[in-house]
Number of protein chains: 4
Amino acid sequence: MFNGIYTPVLTPFTRNETIDYEGMAHNLSRWAATDLSGIVVLGSNGEFVYLTQEEKEALAAFCISHFPKTKKVIVGTSCESTLETIRFSNRMAELGADAVLVLPPHYYTGSMNESVLYQYFTDVADACPVPVMLYNMPANTGLNLGSALVARLSQHENIQGIKDTSGNIVQLAEMIRDAAPDFAVFAGNAGYLLPALSLGAQGATLALANILPQECCRLMDLFHAGDLEEARQLQLKMLAINHLVTRGKGVSALKTAADLLGYTGGIPRRPLVPLQNEEAALVADTLRIYGALA
Amino acid sequence: MFNGIYTPVLTPFTRNETIDYEGMAHNLSRWAATDLSGIVVLGSNGEFVYLTQEEKEALAAFCISHFPKTKKVIVGTSCESTLETIRFSNRMAELGADAVLVLPPHYYTGSMNESVLYQYFTDVADACPVPVMLYNMPANTGLNLGSALVARLSQHENIQGIKDTSGNIVQLAEMIRDAAPDFAVFAGNAGYLLPALSLGAQGATLALANILPQECCRLMDLFHAGDLEEARQLQLKMLAINHLVTRGKGVSALKTAADLLGYTGGIPRRPLVPLQNEEAALVADTLRIYGALA
Amino acid sequence: MFNGIYTPVLTPFTRNETIDYEGMAHNLSRWAATDLSGIVVLGSNGEFVYLTQEEKEALAAFCISHFPKTKKVIVGTSCESTLETIRFSNRMAELGADAVLVLPPHYYTGSMNESVLYQYFTDVADACPVPVMLYNMPANTGLNLGSALVARLSQHENIQGIKDTSGNIVQLAEMIRDAAPDFAVFAGNAGYLLPALSLGAQGATLALANILPQECCRLMDLFHAGDLEEARQLQLKMLAINHLVTRGKGVSALKTAADLLGYTGGIPRRPLVPLQNEEAALVADTLRIYGALA
Amino acid sequence: MFNGIYTPVLTPFTRNETIDYEGMAHNLSRWAATDLSGIVVLGSNGEFVYLTQEEKEALAAFCISHFPKTKKVIVGTSCESTLETIRFSNRMAELGADAVLVLPPHYYTGSMNESVLYQYFTDVADACPVPVMLYNMPANTGLNLGSALVARLSQHENIQGIKDTSGNIVQLAEMIRDAAPDFAVFAGNAGYLLPALSLGAQGATLALANILPQECCRLMDLFHAGDLEEARQLQLKMLAINHLVTRGKGVSALKTAADLLGYTGGIPRRPLVPLQNEEAALVADTLRIYGALA
């Protein structure tokens with residue numbers, strides 16, 4: 001089911017914090033023209049937590065209808081309650097989502113033990129008409145999906161992969177070693193794409209691919225072509241801009257970079273704030289050093 | 001505005017996971033007959049993250065109308081986006097909430113620096129027709145509202161208190177020292193009620209007060225009457241059951257204890273699970289040792 | 001065995017990083033003239049990790065012989081290995097130490113489970129001719145001595161107390177509740193002295209008491225005299241200078257403050273560095289605001 | 001200076017906790033017969049924190065004189081104070097150590113900022129007659145040496161490499177990108193040897209190489225020969241036994257495995273305890289599944 005490079009697409013907002021559908025259409029057409037295998041809508045980079053249920057449905061429907069059928073659309077459908085995640089996943093499947101991406105519920109961090117999480121993902125996968133991709137994102141959720149839990153969940157026929165954004169490369173190796181044969185382990189951040197590929201990762205879902213989709217695809221191609229030294233150079237080259245638009249300055253920096261590169265980034269929704277001038281200048285400089293900006 | 005003991009009320013669900021309004025009415029009538037100064041609806045113990053927007057509005061309206069006007073009703077109105085928190089806070093004020101309790105947005109943990117959080121709470125307080133109580137809950141949010149930030153926010157005329165569930169007693173002391181004169185610092189857990197009172201806390205919002213409201217009020221009364229040794233004994237006595245229904249086994253244990261003591265606890269919503277038999281037996285034993293159960 | 005206020009004495013060094021015994025003698029004579037119950041030599045504030053074994057023995061012997069027999073001298077004897085801690089504890093007892101203060105070994109953090117720590121402290125206490133005080137210092141060791149472990153250890157007739165510097169006030173309450181009757185629970189930081197006393201702590205070992213010994217003793221006296229409001233005011237007043245000389249700027253700030261108040265602080269040993277000018281000015285200002293400096 | 005696979009050698013103890021020099025000689029002769037580039041004496045796996053200064057000197061001298069001059073001997077010389085680390089490093093150089101491995105001082109975690117650590121390592125490197133290898137070990141020290149600090153330190157002509165046991169693969173990539181040209185970045189754990197090599201790591205210092213030295217060397221050879229799929233399989237195969245003898249059960253498990261494979265492991269020094277029977281059986285099973293044991 002899952003392989004190749006995906007990007008969790010940003011959601012452009014206009015100055016008055018409404019979704020900029022025109023900008024979104026523009027971005028979708030650009031991503032469609034790349035080697036990306038697909039997109040993830042309503043992911044962390046899409047500011048899904050800032051969208052109302054109505055906006056989520058409308059935006060997902062829009063992306064599905066404006067993106068080529070030859071590529072895949074995965075929709076983030078995480079809610080805190082089992083019932084709502086199931087309801088929303090079904091709705092997204094109706095709208096044509098190829099798969100759903102699901103975080104562990106995490107508000108009651110202390111109660112989310114392995115048994116509770118196993119049951120949650122099993123309940124969701126049982127009830128969901130399209131494949132489920134797990135989403136491990138400890139920095140935002142405070143919870144880690146360990147390799148033993150992931151191995152158990154990978155036995156479910158409707159749980160077909162994981163996006164692992166933990167950055168724990170040994171754990172990622174264990175997932176690859178222990179998961180069911182067709183289960184796809186995806187790197188969740190471009191900072192460790194090459195290491196993940198060296199261990200057998202089938203793909204990646206990368207914020208960086210919003211703005212440098214071909215570069216991300218090229219790294220994967222270089223690796224598969226056996227051009228390891230070139231791949232290594234590219235991996236090291238990517239680190240600076242990738243850090244800035246993910247861990248460093250987050251969605252706001254990603255949007256600034258998108259605007260600079262001809263995408264429509266727009267502003268983030270509050271409480272997130274646009275970059276300050278010197279931060280924006282740093283993004284521009286970093287893109288220039290990379291060679292992505294004149 | 002704020003003083004005395006509040007309880008963040010649990011939300012009873014029936015076997016099919018719908019809100020048990022009859023049970024809620026029963027609980028409200030019991031809490032109304034105590035010395036509690038008020039209740040918090042849609043707090044962490046109310047499983048607010050598992051309720052839809054429609055359910056939240058209906059439940060808040062129900063509690064406001066079924067609780068005596070002589071006591072206060074604070075409603076939890078935290079959403080991730082500034083816009084939604086403002087919209088929902090206004091709606092709750094229309095329905096008659098005396099105040100709102102607001103968490104820091106926390107999904108983008110890394111971006112929620114002090115400046116962003118200051119602006120968020122200021123925006124919400126500016127737009128909210130009723131007083132705002134801050135809610136510091138690091139265990140669930142991964143974010144701490146430090147005493148310097150709280151001191152700044154306490155200068156806003158519509159930010160009138162904080163429920164601090166961090167358990168950092170030095171930080172709580174600093175909040176009391178630095179906040180504006182009428183700003184109320186509330187202990188957020190019964191485990192450190194007496195230490196907080198010894199430092200000048202004006203009140204507390206306690207999960208334990210769902211099931212032992214008079215005991216919580218009694219500890220505060222003993223302290224204010226200068227009966228320190230009795231207060232100390234009661235504080236130590238409370239620790240075991242309090243731990244079990246908060247950090248230990250959470251909302252599920254609170255609901256089991258509620259059922260045992262004649263309240264309607266009901267089951268939690270999934271993914272939370274009811275206590276297993278031996279866990280429930282431990283809750284019963286702990287209540288018996290306390291003397292709350294025959 | 002243990003009660004009252006102790007201070008973990010700083011070790012003054014001269015410009016060439018040798019122990020300043022003259023300064024030490026001066027400090028000891030000043031502490032001797034206060035209401036302190038005793039001192040702790042070779043504690044964290046004494047930079048014990050920067051002293052050679054020879055220096056440790058010489059310094060402990062010096063302090064024991066230069067401090068009045070009417071007060072107590074506890075010596076920190078923590079080594080990583082069981083054998084060395086026993087050997088050094090015996091040596092200190094020979095030299096006249098009234099008791100020893102012992103940290104958990106912590107380099108192999110992941111291996112130091114409750115069973116290993118229980119055995120360690122039991123082995124040490126079995127072999128030590130003077131009473132053992134446990135020392136819980138998670139910020140420096142990465143390990144917490146939980147209340148269940150402390151309760152078990154408190155049953156050992158030669159383990160007679162704990163200095164708890166964790167700052168977890170609920171855990172401190174649990175220790176008081178669960179430990180053997182004559183076991184002494186000491187607050188390990190002046191930031192929560194009053195809260196700890198309100199729960200029944202028998203004493204405290206306070207870095208702040210190096211420089212403000214009488215103020216620390218006064219807070220305890222006020223509490224025991226039932227003058228809670230005065231005690232509360234003093235507790236809040238102490239927070240700023242206490243923070244600066246402990247968590248804030250550590251031993252270097254403590255030494256600067258000591259010099260300002262007529263003690264011999266001297267410089268810290270490398271890699272610790274003396275405060276920079278503006279940091280030193282902040283210490284002076286904070287002491288002035290406190291009223292300890294003209 | 002540094003490349004290839006090193007092992008941080010274990011220190012065998014007899015039943016009465018004295019160093020088993022005969023066992024050590026046996027082990028050294030076996031390691032000498034492998035493709036290892038060298039050994040590290042007095043590292044974490046050597047229980048250096050449990051050895052007295054006298055034992056450290058004697059053991060280092062013994063290893064240096066019993067290991068072939070064609071391979072390298074690095075000695076761990078970390079002390080908490082700058083003076084002692086310098087003194088001990090000089091002594092080890094006199095005894096013939098090829099280089100020293102130095103941890104950041106870490107007892108005063110909160111005071112060890114980047115500036116203090118920079119000065120510490122610079123002072124040590126200035127005064128040390130042989131090259132210094134930095135040692136990043138956050139799990140044991142509570143401190144991380146970030147890539148920016150490492151890049152600055154790599155400019156010092158006598159600081160020639162780092163053993164990075166943090167497991168943060170992005171940080172390791174940044175170190176490779178930013179360090180001075182001849183500075184060697186070493187993986188510090190076999191769990192991520194292949195990912196580290198894919199990024200350009202020059203070598204590794206691996207606890208696992210105590211017991212499976214040729215396997216560790218073979219993985220590096222496979223990588224350099226371009227046999228990526230074979231390397232990948234070997235990396236995944238190594239994970240289980242590597243986890244057990246490092247993060248999982250630590251030095252005690254490493255010693256049990258050593259005994260099983262014909263090395264002299266012996267017992268650990270207290271407070272560390274030998275594995276219990278079922279833990280030892282797990283080590284044996286894991287070695288059997290690996291194929292290292294019949």
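Guide: We begin with a convention: helices are DSSP runs of H or I with at least four residues, strands are runs of E with at least two, and both are numbered from the N terminus. Please keep in mind throughout that this is a predicted model.

Visitor: Where in chain D does D:P271 lie?

Guide: D:P271 belongs to the loop that runs between α11 (250-260) and α12 (277-290) of chain D, and the peptide bond joining D:R270 to D:P271 is cis, with omega about 10°. In chain C, the bond from C:R270 to C:P271 is also cis, with omega near 15°, and C:P271 sits in the loop between α11 (250-260) and α12 (277-290) of that chain.

Visitor: Which residue does D:R270 pair with in a salt bridge?

Guide: The general idea is that side chains of opposite charge can pair when their charged atoms come close. Here D:R270 forms a salt bridge with D:E17, with 2.6 Å between the closest N and O atoms. Because D:R270 is in the loop between α11 and α12 and D:E17 in the loop between β1 (4-8) and α1 (21-32) of chain D, the pair ties together parts that are 253 residues apart in sequence. D:E17 counts as buried at 9% relative accessibility, whereas D:R270, at 29%, counts as partly exposed. In chain A, A:E17 and A:R270 are linked with B:D123 in a network of salt bridges.

Visitor: How many salt bridges are there over all chains, by this rule?

Guide: The count comes to 52. Among them is the one between A:K255 and A:E47, at 2.5 Å from N to O; A:K255 lies in helix α11 (residues 250-260) and A:E47 in the loop between β2 and α2 of chain A, so this pair ties together parts 208 residues apart in sequence. Both A:K255 and A:E47 are buried.

Visitor: How are chain B and chain C related by rotation?

Guide: In general, two copies of a chain are related by a rotation about an axis and a shift along it. For chain B and chain C, a rotation of 180° with 0.0 Å of shift along its axis gives a superposition with an RMSD of 0.0 Å, and the two copies are therefore related as by a two-fold rotation axis. Among the residues of chain B, B:P195 comes closest to that axis, with its C-alpha at 2.2 Å.

Visitor: What area is buried between chain B and chain C?

Guide: About 1800 Å² is buried between them, 74% of it given by carbon and sulfur atoms.

Methods: Residues numbered from 1 in each chain as written. Chains lettered and ligands numbered in written order. Predicted model: local features only at pLDDT ≥ 70, side-chain atom pairs only at ≥ 80, totals over all residues. Heavy atoms only, no water. Buried area = accessible area lost by both parts, 1.4 Å probe. Least-squares fit on C-alpha atoms with pLDDT ≥ 70 in both. Salt bridge = Lys/Arg side-chain N within 4 Å of Asp/Glu carboxyl O. Buried < 20%, exposed > 50% of the residue type's maximum accessible area, 1.4 Å probe, protein only.
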